[in-house]
Amino acid sequence: MSADLPIETDTRALLDRMGVDPALYTGGNMVSFSPVTGTQIASLPEDTPLTTGAAMGRAAQAFAAWRMVPAPRRGELVRLMGEELRAAKDDLGRLVSIEAGKSPSEGAGEVQEMIDICDFAVGLSRQLYGLTIATERPGHRMMETWHPLGVVGIITAFNFPVAPWAWNSTLALVCGDPVVWKPSEKTPLTALACNAILARAIARFGDAPEGLSQVLIGGPEVGAALVDDPRAALISATGSTAMGRIVGPRVAARFGRSILELGGNNAGIVCPSADLDMALRAVAFGAMGTAGQRCTTMRRLFVHDDIYDAFVPGLVKAYGSVSVGNPLTTNALVGPLVDESAWSGMQSALAEARAAGGTIHGGERVDVTGPQSFYARPALVEMPAQTGPVFRETFAPILYVMRYSDLDDAIAQHNDVGGGLSSSIFTRDLQDMETFLSASGSDCGIANVNIGTSGAEIGGAFGGEKETGGGRESGSDAWKSYMRRATNTINYSKDLPLAQGVTFDIS
């Protein structure tokens, strides 16, 4: 697509090629803006609690049919979905850049992650294994079986507008569950595109039930209707900890299941034995990439006294020289903040850090495409201690750097925040790395050695502890969240022995 095209024209051409009906993104009341320029790119008709209920009704009917389709056959649909994503990778990746402000490589990378999880889920469709369990009763067999759970409601955030949907939808579909997706109000167009891509796969598949995959466009009232609907057996919600505090109790109140992927105040530790060049590059990407708007962004850094004066000046230099610009027309590494609210939150946190004695490098606004967009130079803040805004996740490119002298103390400070998503240590000392990965080390769901906090692969379960919500999506055995387990005991003898030696003789 030509960089000279107006962004609205570019967006419509992409949506057209991906098969999105113009009626879904024109003439409505919900206005969509691109953070790249701050200009309007669509106006979408909104769903309501009433239409949400209708969608859930269709999904419930789809579940009755889809759960009876053999799992390998369900996997065939996801295989076709992967083919369609490969064909649409360039277009969908560019739409991610337009709507979320990501660089082209990050936009394409997010779509590649979707393709990868399709491959994973296809294999999984033949591996939904249960156990055969030893039984104390002769002539009996005990086993566990896994069955489809029900309708899966998916709520996603703006910063990764498509990959988390794929993590959930691919696993849900092979496990026998329909999906109903409520995307962020800030990134609705990528959701419409993904649903159109999946619709092509469903058409090729041939006999999938109507209502197997649906998208709901709207604000909090639509999300609330989805969360409260008893037909949603599982709600998978990605977003802020504040959002999770609302969603979790509401789902629990009706005894539904939830997967919560929430905030993460992620940190790294740079030890005296670290490869400083590798650590600098990893920290720079982890802290500045996606303009600091990843759930796995590195936001805190503990650097040992012995290397602080050798390491931090190089990091300050990288912050001062990193390119900030339009991701659609330049090779800039740092794109825009999503909106004015994100810019204001960044400035408030920096003001608080300055008042607490912090020394700030960067953080100023950069004029790239005019006053309607919000570009900022990433900020590195040298703090005298972990205090004030350091304890909170600010969804912007701010890295707080603190000194440490004792690894146990650094790990204690590392863990002394609400979030528990991702973490990393840079060291060539075996004792340091094993301590960090041990039960007394990082308390996060992701703990890395000699890589940053970002860049998780789909093979591992993604998620974190504490205020991150405890949910797991994507790889490993995360599929179990999308199914229900049944323990079965079969008596093939002529007797009826009771467990635990209980007797009950009525003859």
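This note goes through the predicted model point by point, from the whole chain down to single residues.

1. **Overall size.** The protein chain has 507 residues and a radius of gyration of 25 Å. A compact globule of that length would come near 23 Å, so the value agrees with the rule. Along the principal axes, the C-alpha atoms fill a box of roughly 85 × 60 × 35 Å.

2. **Secondary structure.** The chain carries 14 helices and 23 strands. Several of these elements come back below, with the residues they hold.

3. Of the 507 residues, 55% count as buried. Take the contacts with a separation of 6 or more: residues 24 or more positions apart account for 74% of them.

4. **Cysteines.** How many disulfides does the model hold? The count is zero. For Cys118, the closest cysteine sulfur is in Cys194, at 10 Å. A disulfide needs sulfur atoms within 2.5 Å, so that pair is too far apart for a bond. Cys118 is also buried, at 1% relative accessible area. Cys295 is likewise in no disulfide. The nearest cysteine sulfur to Cys295 belongs to Cys444 and is 12 Å away. Cys295 counts as buried because its relative accessibility is 18%, with the limit set at under 20%.

5. **Thr238.** This residue sits in strand E8, which covers residues 232-238. Is Thr238 buried or exposed? Its relative accessible area is 13%, so it is buried. Beyond residues up to four places away in sequence, Thr238 touches Ile155, Thr156, Ala157 and Pro164, among others. The list of its contacts also includes Met243, Glu261 and Glu473.

6. **Ala196.** Helix H7 (residues 188-205) holds Ala196. The residue counts as buried, at 12% relative accessibility. Which residues does Ala196 contact, once neighbours within four places in sequence are left aside? They are Met18, Gly19 and Val20. Another position to check against Ala196 is Ala163, 33 residues away along the chain. The C-alpha atoms of Ala196 and Ala163 are separated by 15 Å.

7. **Tyr404.** Strand E16 (residues 398-404) contains Tyr404. At 3% relative accessible area, Tyr404 is buried. Its contacts, leaving aside neighbours within four places in sequence, include Ile269, Val270, Cys271 and Pro272. Phe302, Val303, His304 and Asp305 are also among them, as is Ala410. Asp306 is 98 residues from Tyr404 in sequence. In space, the two are 9.1 Å apart, C-alpha to C-alpha.

8. **Pro220.** Helix H8 spans residues 220-228 and includes Pro220. Here the relative accessibility is 62%, so Pro220 counts as exposed. Lys182 lies 38 residues from Pro220 along the chain. Their C-alpha atoms are separated by 9.7 Å.

9. **Phe255, a backbone point.** Phe255 is not a glycine, yet has a positive phi of about 65 degrees. Where does Phe255 sit? Its place is the loop between helix H9 (241-253) and strand E9 (257-261). The side is open to solvent by the accessibility count: at 78%, Phe255 is exposed.

10. At 42% relative accessibility, Ser476 counts as partly exposed.

11. **Residues by accessibility.** Thr238 is buried at 13%, Ala196 at 12% and Tyr404 at 3%. Pro220 is exposed at 62%, and Phe255 at 78%. Ser476 is partly exposed at 42%.

Methods. Residues numbered from 1 in each chain as written. Predicted model: local features only at pLDDT ≥ 70, side-chain atom pairs only at ≥ 80, totals over all residues. Heavy atoms only, no water. Helix = DSSP H or I, 4+ residues; strand = E, 2+ residues; numbered from the N terminus. Rg over C-alpha atoms; globule rule 2.2 N^0.38 Å. Buried < 20%, exposed > 50% of the residue type's maximum accessible area, 1.4 Å probe, protein only. Contact = heavy atoms within 4.5 Å.
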